[in-house]
Amino acid sequence: MHFVALCLDKPNSLAIRLESRPAHLAFLGERPEVVKLAGPFLDSQGQPCGSMLVLDCPDEDSARAFLAGDPYAKAGLFASVELRPYRPSVGTYLA
C-alpha cells in the first residue's frame, strides 16, 4: 500500500535540517523498496522547509514506524507530519 507523507519543518529549523541531511539521505537510500519518491518543499527563497515522501508499506503502522526512524524525525525537525493513503495511477516511478 502506498502512503504520502507531508512533513512541515518547525520555524527557524534550517540548521537542524542541514545538519541531519546526510543521515536522512543515507536512511532513505537504504530502503529503496519503501521510498518510491521523496524531496523537500521549498519556501519563497528556495530554502527547504519540509519534506514529501511517497512510501510503499504494508500498512499505516509500518509507514509511521518508518517515518519515526528518519533522522529528521529523530532530530525533532518537523512541526507536523500528515500521512495519507495513496493510490498511484500515472507516473514514471510506477515502473
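So, the expected span of a helix is 1.5 Å times one less than its number of residues. Hold on to that for a minute.

Quick background: this is a predicted model, where local features need pLDDT of at least 70, side-chain atom pairs count only at pLDDT 80 or more, and totals for chains, interfaces and linings use all residues. Residues are numbered from 1 along each chain as its sequence is written, and side-chain values use heavy atoms, with hydrogens and water left out.

Okay, helix α1. Helices here are DSSP runs of H or I, at least four residues, and strands are runs of E, at least two, numbered from the N terminus. With 16 residues, α1 should span 22 Å, and its end C-alpha atoms are 22 Å apart, so that agrees. Which residues of α1 are buried? They're Arg17, Ser20, His24, Phe27 and Leu28; buried means under 20% relative accessible area, exposed over 50%, and partly exposed in between, with a 1.4 Å probe and protein chains only.

Most residues other than glycine have a negative phi. Asparagine 12 isn't a glycine, yet its phi is positive, about 55°. It counts as exposed because its relative accessibility is 82%.

Over to lysine 36, in strand β2 (residues 35-42). Its relative accessibility is 30%, so lysine 36 counts as partly exposed. A polar atom of its side chain lies 3.3 Å from the backbone oxygen of glutamate 33. And valine 4? Lysine 36 and valine 4 are 32 residues apart in sequence, and 10.0 Å apart in space, C-alpha to C-alpha.

Methods
A polar contact is a pair of N or O atoms within 3.5 Å; within protein, one must be able to donate a hydrogen and the other to accept it, and residues adjacent in sequence count only if both atoms are side-chain atoms.
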